[in-house]
Structures are given as structure tokens and as C-alpha cells.
Amino acid sequence: MSTKYDIGHTFWVPRVYKQTEKQELVWEGETWYKDVEVYVPFARIKKIVCIEIRAGRKTVIMYGVKNIGDDMENELTQYHQEENINDYTEEQALAIAREYADAGKTYYGN
């Protein structure tokens, strides 16, 4: 049986998280502060580290993926079905993340 992706394959995923920033306004010698929610878009790269195939009435292919980063060895493996993996480029993932951020929504795609 062949799989769509191999171990070692990398792909980008869109991410948007909500952050609270403190804005400062100085007017007529007085300082005012206001908390403002901002949505920060970015793209994260993931790597396929294992493949699990379940055979039964239906064959299911599961990919074990990890975020590429400084602490990749200690990170838990996340599992996704083959059809749930979107093989985005960094530019595509950033564009999707920006759309969600502009709409004021958090997003954590596969």
C-alpha cells in the first residue's frame, strides 16, 4: 500500500491567536490605558514523523506529526487522517491566517 505523504514530509499550517495589548494615550498631561484584543496571524511548519495504517472494513491512514522547532524531541505527536492534511506552502498558510485575523477569529488548522 502506498501513502500520499512519506515520513519526513513537511507542510505549513495557518495559525491565529488572540493577544491582549495595552495601548497608552496621553492627553492634556494625563495618561490613559486601554486593553485591545489583536489577532496575530502566522504559519507553523510541521513534519510527518510516523505513519499508522489501520486495516478493517475501511483502511485508515493516520500521520503522526510534530511542530518543527527547538523542542521537537519532547513534543507530543499529533495524529491526523490523510484527508485532513492540507499541504500548504508557507505563503498559502499565511494568506489563510491573515483572512481569519482580519475577521477577528482565532484559527488552528491541521
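## Salt bridges

Arg54 is partly exposed, with 45% relative accessible area. This value comes from a predicted model. Arg54 pairs with Glu52 in a salt bridge, and their closest N and O atoms lie 2.7 Å apart. Glu52 is partly exposed too, at 30% relative accessible area. Side chains of opposite charge can pair when their charged atoms come close. How many salt bridges does a search of the whole structure find? The search finds three.

Another salt bridge joins Lys18 and Glu37, with 3.7 Å between the closest N and O atoms. Lys18 sits in strand 1 and Glu37 in strand 2, which spans residues 30-54, so this pair ties together parts 19 residues apart in sequence. Lys18 is partly exposed at 44% relative accessibility. Glu37 is partly exposed at 49%. Asp35 and Lys22 also meet through their side chains in a salt bridge, at 3.4 Å from N to O. Asp35 belongs to strand 2 and Lys22 to strand 1, so the pair ties together parts 13 residues apart in sequence. Are these two residues buried or exposed? Asp35 is exposed, with a relative accessible area of 53%. Lys22 counts as exposed at 58%.

## Aromatic pairs

A pair of aromatic rings is described by the distance of the centres and the angle of the planes. The whole structure holds three aromatic pairs. One of them is Tyr5 with Tyr63: the ring centres are 5.6 Å apart and the planes stand at 70°, so the pair is edge-to-face. Tyr5 lies in the segment before strand 1 (10-27), while Tyr63 lies in strand 3, so the pair ties together parts 58 residues apart in sequence. Both Tyr5 and Tyr63 are buried.

Tyr100 and Tyr107 form another pair. Their ring centres are 4.1 Å apart and their planes are at 20°, so this pair is stacked. Tyr100 is partly exposed, at 29% relative accessibility. Tyr107 is partly exposed as well, with a relative accessible area of 24%.

## The nonpolar core

In soluble globular proteins, nonpolar side chains tend to be buried together. Which residues make up the largest nonpolar core here? There are eight: Tyr5, Phe11, Val13, Ile48, Ile61, Tyr63, Val65 and Ile85. Strand 3 gives the largest share, three residues.

Setting aside residues up to four places away in sequence, Tyr5 touches Ile48, Ile51, Tyr63, Ile85 and Asp87.

## Around Tyr79

Tyr79 is found in strand 4, residues 78-81. Tyr79 counts as partly exposed, at 41% relative accessibility. What does Tyr79 touch beyond residues up to four places away in sequence? Its contacts are Cys50, Glu52, Met62, Tyr63 and Gly64.

Tyr79 and Ile61 are 18 residues apart in sequence. In space, their C-alpha atoms are 9.9 Å apart.

## Around Asn67

Asn67 has its place in strand 3, which covers residues 60-67. Is Asn67 buried or exposed? Asn67 is buried, because its relative accessible area is 12% and buried means under 20%. Neighbours within four places in sequence left aside, Asn67 is in contact with Arg44, Ile45, Lys46, Met72 and Glu75.

Notes: Residues numbered from 1 in each chain as written. Predicted model: local features only at pLDDT ≥ 70, side-chain atom pairs only at ≥ 80, totals over all residues. Heavy atoms only, no water. Helix = DSSP H or I, 4+ residues; strand = E, 2+ residues; numbered from the N terminus. Buried < 20%, exposed > 50% of the residue type's maximum accessible area, 1.4 Å probe, protein only. Contact = heavy atoms within 4.5 Å. Phe/Tyr/Trp six-rings, centres within 6.5 Å; stacked < 30°, edge-to-face > 60°. Core = buried A, V, L, I, M, F, W, Y, C linked by side-chain atoms within 4.5 Å. Salt bridge = Lys/Arg side-chain N within 4 Å of Asp/Glu carboxyl O.
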